[in-house]
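Here is a quick tour for someone meeting this structure for the first time. Have a look at the model, then read on.

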Amino acid sequence: MSHDRFIFLSPGESRPTRVPLPPWTTVKAGVADTGGRLSLLENNGDGSIPAHVHDTFDEFVYVLGGELGIEVGGRTHRLSAGMCALLPRGVTHAMRNLSEEPVHALQLSAPGGWEHYIEDVSDAGQTLMREDGSRGRAKINEIGAPYGMRYHLGDAAGDGGDAGRFFVLEAGQARPGRLRVPPAFAVKARSGDTGGAFSLLEVVVAQEIPRHVHHEADECIYVLDGALTVEFDGRIHTATRGQFVLLPHGVPHALRPGSTPPPRVLQISSPGGWECFVEDLIEARAQVSSGGRLDPAALNAIAAKYRITYEE
């Protein structure tokens with residue numbers, strides 16, 4: 001049932017995995033939680049990965065702390081806190097830690113499954129350590145083959161992806177859309193960027209969002225700062241910095257600020273499209289809001305085409 005898919009994780013908490021993962025990795029949502037749409041992992045470690053390719057999924061990285069170098073096309077991009085990047089499938093890239101402190105980042109893969117690759121690598125850890133360098137790397141590629149993950153080992157295998165889809169956003173920067181929206185709704189990845197798999201926004205939740213239902217899209221929230229009050233299935237939850245919530249489609253929920261200043265969160269919807277709804281709301285803000293409160297009936301006139309219903 002959809003109710004059972006609700007997730008509320010404390011900072012550092014992980015979803016169950018088949019084998020223990022490295023201590024710097026936690027799974028916030030896996031394929032079993034999202035119907036295969038995406039996986040979301042939180043990493044807080046070295047962050048260095050040699051040149052490799054994901055042949056079957058896109059990767060989105062949002063840096064929470066430290067400084068991460070992402071190498072694409074012979075150029076190194078330096079990402080610090082608040083910056084993010086979309087790494088398209090089929091495009092070679094490498095990552096390395098550019099600071100003395102650990103790299104703290106969220107890593108989203110769509111479609112999901114990355115956590116199972118990490119499980120298999122962890123399971124084979126002792127065997128890999130006994131191999132010499134070349135045999136060990138070849139073994140990792142054997143493990144990665146079912147997941148579309150391969151390291152470049154000096155072979156001639158080329159890229160098959162669209163490097164033009166790669167982008168990096170500075171902190172505070174947003175992807176361009178149909179119209180300009182306030183900074184409180186900074187779009188970091190549009191559904192058009194991800195083939196419709198997901199949308200990702202950095203949002204300041206400054207007013208109450210009344211009870212509503214997403215009939216198709218799951219909603220994931222990672223709290224960056226402040227406290228967010230979440231009403232789900234008749235219960236009230238307060239999510240603070242570093243906590244994660246998954247709100248499955250089909251179940252009513254409401255959100256409101258639980259702190260002053262109001263909370264700042266990352267909001268992921270899958271499938272994507274939430275940013276288009278936000279643009280329509282901004283365009284019709286005089287009709288949908290009165291006295292600082294949203295009008296559910298006016299919202300529904302816009303929300304219907306996005307398969308969202310607000311309780312009137």
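Which residues does Asp46 touch, not counting residues up to four places away in sequence? They are Asn97 and Val103, where touching, or contact, means heavy atoms within 4.5 Å. Asp46 sits in the loop between β3 and β4. Helices (H or I, at least four residues) and strands (E, at least two) are DSSP runs, numbered from the N terminus. At 47% relative accessibility, Asp46 counts as partly exposed; buried means under 20% relative accessible area, exposed over 50%, and partly exposed in between (1.4 Å probe, protein chains only). Asp46 and Asp58 are twelve residues apart along the chain, and their C-alpha atoms are separated by 22 Å.

A word on where this comes from. This is a predicted model, in which local features need pLDDT of at least 70 and side-chain atom pairs count only at pLDDT 80 or more, while totals for chains, interfaces and linings use all residues. Residues are numbered from 1 along each chain as its sequence is written, and side-chain values use heavy atoms, with hydrogens and water left out.

**The whole chain**

The chain has seven helices and 24 strands. Its C-alpha trace spans about 65 × 35 × 35 Å along the principal axes. Of the 312 residues, 49% are buried. Take the contacts with a separation of 6 or more: 69% of them are between residues 24 or more positions apart.

Thr34 is one of the buried residues, with a relative accessible area of 5%. Thr34 lies in helix α1 (residues 31-34) and touches Arg5, Ala29, Asp218 and Leu246, leaving aside residues up to four places away in sequence.

**Two pockets**

Rolling a probe the size of a water molecule over the atoms shows where empty space is left. On a 1 Å grid over the protein atoms alone, a pocket is an open set of points where a 1.4 Å probe fits, with protein on both sides within 12 Å along at least five of seven lines; lining residues have an atom within 4 Å of a point. Grid points are joined across faces, edges and corners, and a volume is the space filled by probe spheres set on the points.

The largest pocket holds about 660 Å³ of space. It is lined by 25 residues, and the closest to its centre are Trp24, Ser48, Ile49, Ile118 and Tyr151. Helix α2 gives the most to this lining, with five residues.

The second largest pocket holds about 470 Å³. Of its 21 lining residues, the closest to the centre are Phe185, Gln207, Ile209, Leu281 and Leu294. Here α5 supplies the largest share of the lining, four residues.

| Pocket | Lining by class |
|---|---|
| Largest pocket | 16 nonpolar, seven polar and two charged residues |
| Second largest pocket | 17 nonpolar, three polar and one charged residues |

**Backbone details**

A cis peptide bond joins Ala110 and Pro111, with omega about -5 degrees, and Pro111 is in the loop between β10 and α2. Another cis peptide bond links Ser270 and Pro271, with omega about 0 degrees; Pro271 belongs to the loop between β21 and α5.

Definitions and conventions:
Ala, Val, Leu, Ile, Met, Phe, Trp, Tyr, Cys and Pro count as nonpolar, Asp, Glu, Lys and Arg as charged, and the others, Gly among them, as polar.
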